[in-house]
Amino acid sequence: MSHYEAPIREPLILGDKSYHDITEDIAKPIEGKANKNWYMAFYISLAAMLWGFGCIFYTVGTGIGVWGLSKNIGWAWDITNFVWWVGIGHAGTLISAVLLLFRQKWRMAINRSAEAMTIFAVFQAGLFPIIHMGRPWNAFWVLPIPNQFGSLWVNFNSPLLWDVFAISTYLSVSLVFWWTGLLPDFAMIRDRAVKPFQKKIYSLLSFGWSGRAKDWQRFEEVSLVLAGLATPLVLSVHTIVSMDFATSINPGWHSTIFPPYFVAGAIFSGFAMVQTLLGIMRKVTNMEEYITRLHVEYMNIVIILTGGIVAVAYATEFFIAWYTGSPYEYYTYLSVGAATGPYAWAFYSLLIFNIAIPQLLWFKKIRRSFIASFIISIAINIGMWFERFDIIAIVLSKGHLPSTWWRFEPTFVDVGIFIGTIGFFFVLFLLYARTFPVIAQAEVKTILKSSGEFYKKRSEQGIPTKPAIVVLGSEKKSDKSDKKDTE
């Protein structure tokens with residue numbers, strides 16, 4: 001890899017960093033004590049999680065009747081949350097797989113956390129269909145396994161079964177991809193560990209990584225193969241989720257635009273969640289010099305692109321609902337009926353949060369602002385939740401027979417379970433930030449000499465890029481620190 005990069009490019013690593021400094025910075029959250037912000041976030045998340053688990057136990061013990069469902073609306077709040085969580089998981093695979101294949105350097109600092117987010121989001125998504133069964137102890141019935149009930153077999157024509165396969169494949173590939181990338185970092189923590197128990201745990205987690213050239217060669221090959229496998233999954237998983245709706249005959253759902261529109265929406269909400277999480281994480285783990293304004297700007301550019309695709313899809317849906325002249329299409333989730341009916345508040349929330357607010361990202365000042373990006377990313381997540389809610393609740397509330405019309409209103413249990421999954425997600429993420437290296441240190445080191453601020457300044461001045469000599473007080477740290485560079 002060339003050590004030279006156009007001077008006009010902004011650095012991706014700020015400050016006068018040597019290889020050893022990167023190791024120290026990334027190991028610090030694991031080896032040190034958690035700060036006050038971490039404890040505050042953790043206890044709030046834990047409280048939400050316990051509240052949600054209480055609601056889940058109440059649902060399982062009492063029955064699905066505690067939700068706000070009716071005979072007409074059999075899917076509502078739970079499936080909204082399911083699709084929302086699956087969508088959030090998409091950005092992780094896109095950042096780690098697609099951007100790896102395109103050799104994008106800016107993915108280095110954010111891919112680890114994005115992949116972790118994918119896995120934790122899929123965990124939350126998987127909870128909802130299981131609870132929705134009403135009898136979660138029979139959840140294994142959805143798997144095509146031989147059984148003692150004679151010809152009881154799953155329906156392979158059902159998109160719900162395709163969902164089971166898609167999401168389990170997605171979870172397993174993402175998990176392998178994430179863990180493979182973690183091996184050199186676990187080995188780094190293992191070699192630095194002082195406590196015998198910690199050393200033992202990280203030895204097991206690192207699978208005997210030794211850092212030989214052969215290890216690195218296999219690591220690169222496996223990463224590339226997994227990236228190739230994961231890239232089609234970015235497209236296929238949400239396509240199959242969209243088919244839960246698109247293969248039905250309900251007006252508003254029976255639409256060929258759903259697969260590409262759902263995929264774009266998933267990447268849109270996924271990148272927004274990465275922005276939200278990294279905004280919190282760079283403060284909690286003191287990673288401001290590795291997650292920079294440039295990372296935030298690049299992610300915002302992807303958000304503008306996918307948000308534009310989603311906006312075009314909305315316009316198409318609205319136009320088709322009007323153009324068909326069908327009275328049934330008049331009540332779909334993007335139509336005049338939705339804009340003037342009892343769900344008008346949800347319809348306008350969708351347009352404001354998903355189309356209007358993201359347009360602010362066209363302004364460079366806002367696009368490069370941490371606080372503005374954080375607020376806009378939360379707005380997009382709210383908007384994408386409303387999109388899924390509108391698709392499900394508005395369409396089902398108005399069936400073909402006026403006698404079946406029903407207005408869905410969530411109960412405290414519906415809301416409690418959703419809040420609980422958000423809490424569970426953040427509990428997992430915060431524990432991950434304290435036990436796993438949150439940035440892929442081995443990958444960040446590969447771009448230090450081409451994209452590090454210190455080296456870029458040296459190359460601009462025409463100074464050869466030798467190992468950094470950083471003066472600390474009266475001591476010089478050059479070759480001594482380079483002995484630790486392999487850590």
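**Cavities and the pocket**

Tutor: The second largest cavity holds about 60 Å³ of space. Its lining is made up of Leu277, Ile280, Met281, Val284, Phe426, Phe429, Leu430 and Ala433, and the elements that give two or more residues to this lining are helix H9 (258–284) and helix H15 (412–435). By class, these lining residues are eight nonpolar, with no polar and no charged ones. Please keep in mind that this is a predicted model, in which local features need pLDDT of at least 70 and side-chain atom pairs count only at pLDDT 80 or more, while totals for chains, interfaces and linings use all residues. Residues are numbered from 1 along each chain as its sequence is written, and side-chain values use heavy atoms, with hydrogens and water left out.

Some terms need their limits. Rolling a probe the size of a water molecule over the atoms shows where empty space is left. On a 1 Å grid over the protein atoms alone, a cavity is a set of points where a 1.4 Å probe fits but cannot get out, whereas a pocket is an open set with protein on both sides within 12 Å along at least five of seven lines, and lining residues have an atom within 4 Å of a point. Points are joined across faces, edges and corners, and a volume is the space filled by probe spheres set on them. Helices (H or I, at least four residues) and strands (E, at least two) are DSSP runs, numbered from the N terminus. Ala, Val, Leu, Ile, Met, Phe, Trp, Tyr, Cys and Pro count as nonpolar, Asp, Glu, Lys and Arg as charged, and the others, Gly among them, as polar.

Across the whole structure, a search finds seven cavities of 30 Å³ or more. The largest cavity contains about 130 Å³ of space, and of the 16 residues that line it, Asn111, Glu115, Gly181, Phe219 and Glu443 lie nearest its centre. Two or more lining residues come from each of helix H4 (90–101), helix H5 (111–132), helix H6 (159–192), helix H8 (213–246) and helix H16 (441–446), with H6 giving the largest share, five residues. This lining divides into six nonpolar, five polar and five charged residues.

Phe219, one of the residues nearest the centre of that cavity, is buried because its relative accessible area is 7%, buried meaning under 20%, exposed over 50% and partly exposed in between (1.4 Å probe, protein chains only). Trp216, with a relative accessible area of 30%, is therefore partly exposed. Trp216 and Phe219 both lie in helix H8, three residues apart, about one turn of the helix.

The largest pocket has a volume of about 680 Å³. It is lined by 23 residues, among which Pro129, Ile130, Met133, Val142 and Val164 lie nearest its centre, and helix H3 (77–88), H5 and H6 are the elements that give two or more residues to the lining. Here H6 gives the most, with seven residues, and the lining as a whole divides into 16 nonpolar, five polar and two charged residues.
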